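Please keep the sequence and the structure in view while reading.

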Amino acid sequence: MDKVRIKLNSTKGIEQILVLNYADRMKIIDLEREDEKAKSVLFGKKNNLGVRQALNCDVLMAFLTNREFGWPENVIKLMDGDQIIGGDVADPVKLQKYQDHSGYCVFGNIVVELNKLAKKDPSADPICMVVDPKPFPYIDHIPGVSDALMASPSRFTDEYLRMRSQSKGKKGCVGTFLLGFNINSHLFLNHAECASVRGIV
């Protein structure tokens, strides 16, 4: 675990690291369920696949970021059944082009294709916001570590992680992420940090 911490501490844009325990996992599960029940104000249902996958990893960590962190792109998909009708855009130049184009509607950093939205059947299931995980290759080279991924938590979990890290209100921290990865436990000495809760979400 020390090698993982060292690598994270040396990664540009990462401010603070938390190793999350079983109680943290249970709390995050409750918060994410609360978020899914609340639904998205604009887009209906929400399915955070990234957080679900992170919670099922052997080790769960979190980190807080500043503006220098390489924010993941193409994390959010807006789905109308099997059809993608929109998603997130991180590049401000591309985002401005979408804002200036009459064929798109922009909500924050979410871009929606208006022609696909107009064709939506009102009687069909509501739009679903799917939040995908992203690979986290920074630590995959560390012996014993595999399947590393990062996930964008809900606003409820974001608030919890900021409180947990005692960074609430600090101006430098602009985002939080969950980090999950699997391990070969024979290569780690502290098995208490690596208790798996696979299958609970």
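Six strands make up an open sheet of mixed pairing, and their order across it is S2-S8-S4-S5-S7-S6. The edges are taken by strand S2 (45-48) and strand S6 (104-107), each of which has a single partner strand, so one side of each is left without a neighbour in the sheet. The model is predicted, and local features are reported only where pLDDT is at least 70.

- Strand S4 (residues 76-80) and strand S8 (residues 128-131) run antiparallel and are joined by four bridges, and Lys 77 is found opposite Val 130 in S8.
- Helix H4 (residues 92-99) packs on the sheet, where it touches S6 and strand S7 (110-113), and the direction of H4 makes about 125° with that of S6.

**Strand S10 and its partners**

- Strand S10 is mostly covered, since five of its seven residues are buried.
- Strand S9 (residues 134-135) is joined to S10 by two bridges, the two strands running antiparallel, and here Pro 135 stands opposite Leu 149 in S10.
- S10 is also joined to S11, in this case by five bridges and again in an antiparallel arrangement; Ala 151 has Leu 178 in S11 as its bridge partner.

**The surroundings of Met 150**

- Met 150 has its place in strand S10 (residues 145-151), and with a relative accessibility of 6% it counts as buried, because the limit for that class is under 20%.
- Met 150 and Gly 50 are 100 residues apart along the chain, yet their C-alpha atoms are separated by 7.1 Å.

**Aromatic pairs**

- Over the whole structure, a search finds seven aromatic pairs.
- In one of them, the ring centres of Phe 69 and Phe 177 are 5.6 Å apart and the ring planes stand at 45°, so the pair is tilted.
- Phe 69 belongs to the loop between strand S3 (59-65) and S4, whereas Phe 177 belongs to strand S11 (residues 175-183), and the pair therefore ties together parts that are 108 residues apart in sequence.
- Both partners are buried: Phe 69 has a relative accessible area of 6%, and Phe 177 has a relative accessible area of 1%.

**The contact of H2 with H6**

- Helix H2 (residues 22-38) and helix H6 (residues 155-164) have axes that come within 8 Å and cross at roughly 150°, which means that H2 is roughly antiparallel to H6.
- On the H2 side the contact involves Asp 24, Lys 27, Ile 28, Leu 31, Glu 32, Glu 34, Asp 35 and Ala 38, and these meet Arg 155, Phe 156, Thr 157, Tyr 160, Leu 161 and Arg 164 in H6.
- By class, the residues of this contact of H2 with H6 divide into seven charged, six nonpolar and one polar.

Definitions and conventions: Residues numbered from 1 in each chain as written. Predicted model: local features only at pLDDT ≥ 70, side-chain atom pairs only at ≥ 80, totals over all residues. Heavy atoms only, no water. Axes fitted to C-alpha atoms, helices over the stretch in contact; angles between N-to-C directions. Parallel < 35°, antiparallel > 145°, perpendicular 65-115°, else oblique. Contact = heavy atoms within 4.5 Å. Nonpolar A, V, L, I, M, F, W, Y, C, P; charged D, E, K, R; others polar. Buried < 20%, exposed > 50% of the residue type's maximum accessible area, 1.4 Å probe, protein only. Pairing = 2+ DSSP bridges. Phe/Tyr/Trp six-rings, centres within 6.5 Å; stacked < 30°, edge-to-face > 60°.
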